[in-house]
Amino acid sequence: MEGLMSHSSNFLLPPSDNNSSVSLKYALVILNQNLPKFTPLLWDHAHIRVCADGGANRVFDEMPLCFPKLNPSNVRTRYKPDAIKGDMDSIRTEVRDFYAKLGTKIIDESEDQDTTDLHKCVAYIRDLTPDTDKSELCILAVGALGGRFDHEMGNINVLCRFSNTRVILLSDDCLIHLLPKNHSHKIFIQSSVEGPHCGLVPIGMPSGSSTTTGLKWDLNETEMRFGGLVSTSNIIKGDIVTVQSDSDLLWTISIKKL
Ligand SMILES: Nc1ncnc2c1ncn2[C@@H]1O[C@H](COP(=O)(O)OP(=O)(O)OP(=O)(O)O)[C@@H](O)[C@H]1O
Ligand SMILES: Cc1ncc(C[n+]2csc(CCO)c2C)c(N)n1
């Protein structure tokens, strides 16, 4: 056992409401799907914002819709990505030119057709982060769920590929992240914005033994595997959930419609 990992979705709360003991440095990755409505909030929590290829079209087209009373070009200037990275087959030329003129770094990796744009963005952010800060880094990927199932599975594979970096996949409806094996996990539930539905799912291989507290259907040294038991449609009981397992597990929790 390598010690305790704490988790909190406090990035879904306005900065002023943040009384959480978990303090992380956030990076935001915007994928090519409708922007979740809390995207401007995550933008302000993040210290670096990267668009994955066609994600830049979403920022360009949809950020102004989040602020219908403001002038669209002012909104676009205020929400300028730090970088746009990917294979660049989805970003429109006018969008690329617009952000290039504002000083956004445009990183074309069209020669690499073996990794996804999310993979490229996560690797970029991780490599920019000094080793001393890596344990506090948390990458939030919006638009990662819902839509095409091959993309969703590719996005989940990124969680496994970068299992020692905190990466959270988000949509309007739920979030998913990895709980790495050999840690005990304490999840502080932000019940104003998330829950009550949740799940714990082994990924890649069966998990031999998992134990939880704080759920309606707790696991007690339970084995999970596809074809056998996986914990879906579980329900949060209190403010804290604890998880211990001999395998990496996916944690998922619903996000409330405000
Ligand atoms: N429908 C979706 N569901 C989940 N994630 C998505 C979806 N669409 C895009 N993404 C994510 O956004 C990233 C950028 O999307 P984009 O459409 O630019 O990718 P792409 O590489 O051109 O995809 P493809 O060529 O397979 O259509 C993808 O790598 C993926 O992580
Ligand atoms: C076995 C195998 N399957 C699919 C792809 C295709 N692919 C995977 S990631 C990617 C880039 C998407 O931006 C593409 C085209 C591959 N290379 N190898």
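This is a predicted model: local features need pLDDT of at least 70, side-chain atom pairs count only at pLDDT 80 or more; totals for chains, interfaces and linings use all residues.
**Entry 1, ligand 1.** I began with the residues around ligand 1. There are 19 of them, and Asn32, Asp89, Ser90, Arg148 and Asn155 come nearest. I then looked up polar contacts. Asparagine 155 has a polar side-chain atom 2.7 Å from an oxygen atom of ligand 1. For arginine 148, an N or O atom of the side chain is 3.0 Å from an oxygen atom of the ligand. Glycine 146 takes part through its backbone: one of its polar backbone atoms is 3.1 Å from a nitrogen atom of ligand 1. I also noted the area. Ligand 1 taken alone exposes 620 Å², and the protein buries 81% of that.

Which residues surround ligand 2? I listed Asp87, Gln113, Asp114, Thr115, Thr116 and Asp117. Sorted by class, this shell holds 3 polar and 3 charged residues and no nonpolar ones. I looked up three contacts here. The side chain of aspartate 87 places an N or O atom 2.7 Å from an oxygen atom of ligand 2. A polar backbone atom of glutamine 113 is 2.7 Å from a nitrogen atom of the ligand. Aspartate 114 has a side-chain N or O atom 2.8 Å from a nitrogen atom of ligand 2. Taken alone, ligand 2 exposes 450 Å², of which the protein buries 42%.

The crossing of α5 past α6 is right-handed.

Where does aspartate 53 sit? I found aspartate 53 in the loop between β3 (46–52) and α2 (55–66). Its phi is near 40 degrees, a positive value in a residue other than glycine. The other entry concerns a peptide bond. Glycine 195 and proline 196 are joined by a cis peptide bond, with omega about 5 degrees. I placed proline 196 in strand β10, residues 194–202.

Methods
Residues are numbered from 1 along each chain as its sequence is written. Chains are lettered from A and ligands numbered from 1 in the order in which they are written. Side-chain values use heavy atoms; hydrogens and water are left out. A residue is near a molecule or strand if one of its heavy atoms lies within 4 Å of it. A polar contact is a pair of N or O atoms within 3.5 Å; within protein, one must be able to donate a hydrogen and the other to accept it, and residues adjacent in sequence count only if both atoms are side-chain atoms. Accessible areas come from the Shrake-Rupley method with a 1.4 Å probe; for residues, only the protein chains shown count as cover. Ala, Val, Leu, Ile, Met, Phe, Trp, Tyr, Cys and Pro count as nonpolar, Asp, Glu, Lys and Arg as charged, and the others, Gly among them, as polar. A crossing is left-handed if the near helix is turned anticlockwise from the far one by less than a right angle, and right-handed if clockwise. Helices (H or I, at least four residues) and strands (E, at least two) are DSSP runs, numbered from the N terminus.
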